[in-house]
Each structure stands twice: as C-alpha cells, then as structure tokens.
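Trainee: I am new to this one. Could we go through it together, one question at a time?

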Amino acid sequence: MLGPRECVICGKLATKECKECYKVHGEDLYTIAFCDTCDELNHKQKRREHKRTKLKEHRYFSEHTHSQQTPIIPREKMELFAVICIETSHYVSFVKNNNEGKEPKWVFYDSMADREGCNEGYNIPEVRYCPNLQKWITTSDLDYVDPDQPELQRRLFSDSYMCLYQNTQAMMFQ
C-alpha cells in the first residue's frame, strides 16, 4: 500500500486513480491520481469513459486527517546541504555552511587536489569558497551543460553523484 497521494490537478488528497489518464497530465505515475471533485471534472466529457479505481486510505494518515474537511497532505521540507561529485574515481564535494541566519556560504572541498612526493608522498587538500553556487542551483538550466562554464560549475552539473538533504526542523544538533 502506498502512502497518501495528492490530486494531480488541485493538490488535495487523492481518492481515485485512473490508469487510462496516464500521459494526459504528464508522464509520472502520480499524474493519474485525483480527488473526488477533480475526478468528476476531468471525466465529465463523454469521450473519457475511463475505468477509475478507488484508492485505499492509509490507516495512519486517515486517523491524522479525520477531523479535517479537505485533508492536505503534510509536507516535510528538506534543505540541500551538500553535493558529492565523482570524476574518474576522484570524489569532491560542495558543502553548505549555514551562517547563523545570514546567507549560506558554499565551499568546494577536494581532499586530493595536489600531491607532494611520489609513492611515499601525501595528498594536499583544497577548500575553495563558491560565492555563486546558490545562484547556479536556483537559476541554471540543469539539462544543459555548457563547456565554457567555470570549472566548479561544470563539476557541479556534470559530475554530481549524490545530493544530501537535511530537515532543519527535526535536527537534534544545530
């Protein structure tokens, strides 16, 4: 059983599903779920005599929203705090420093940026300030990688391997 799903049209709690509406509102499995009102409006046309199925209510969710007339699905808001990138077995990371209510500062960390010596040598790490990273991730066209981008921007968009998120309201330590 899935958790609660939201209506593809209005965002309220979905109560019905129509598999024949796949690709009508997008190409995601969540685009086939409707609340009662939107289901009626969406299938009012005679050419749409689709077979709809009622979604099972999730027991814990229905207990939580029983008192609400139009239940809204509760949301957990997560915050991006790090991106790990890999290029040919070389991991680097972009990490956000929450700056006590001020604008967050992002840094680039590379533990193997340089090397001193050969076999018996050691790696020299590098930390670089990335003042434009917040702007890059909120305004960039992520489907397009420009070869003329600055080196760190290119690394972020072409070598991203894993994004790490945190829930700032549920953190035990600040």
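Trainee: How many aromatic pairs does a search of the whole structure find?
Mentor: Remember that this is a predicted model. A pair of aromatic rings is described by the distance of the centres and the angle of the planes. Searching the whole structure gives a count of 2.

Trainee: What kind of pair do the rings of Y91 and Y161 make?
Mentor: Y91 sits in strand β5 and Y161 in strand β8, 70 residues apart, and the pair links these distant parts of the chain. Their ring centres are 6.1 Å apart. Planes over 60 degrees apart count as edge-to-face. The planes here are at 80°, so the pair is edge-to-face.

Trainee: Is Y91 buried, exposed or partly exposed?
Mentor: Good thing to check! Buried means under 20% relative accessible area and exposed means over 50%. Y91 has a relative accessible area of 45%, so the residue is partly exposed.

Trainee: And F94 and F108, are they buried or exposed?
Mentor: These two form a tilted aromatic pair, with 5.1 Å from centre to centre and 55° between the planes. F94 belongs to strand β5 and F108 to strand β6, 14 residues apart. Both F94 and F108 are buried.

Trainee: Which residues is A113 in contact with, leaving aside its neighbours within four places in sequence?
Mentor: A113 is in strand β6, and its relative accessibility of 35% makes it partly exposed. With those neighbours left aside, the contacts of A113 are I124, P125 and E126.

Methods
Residues numbered from 1 in each chain as written. Predicted model: local features only at pLDDT ≥ 70, side-chain atom pairs only at ≥ 80, totals over all residues. Heavy atoms only, no water. Phe/Tyr/Trp six-rings, centres within 6.5 Å; stacked < 30°, edge-to-face > 60°. Helix = DSSP H or I, 4+ residues; strand = E, 2+ residues; numbered from the N terminus. Buried < 20%, exposed > 50% of the residue type's maximum accessible area, 1.4 Å probe, protein only. Contact = heavy atoms within 4.5 Å.
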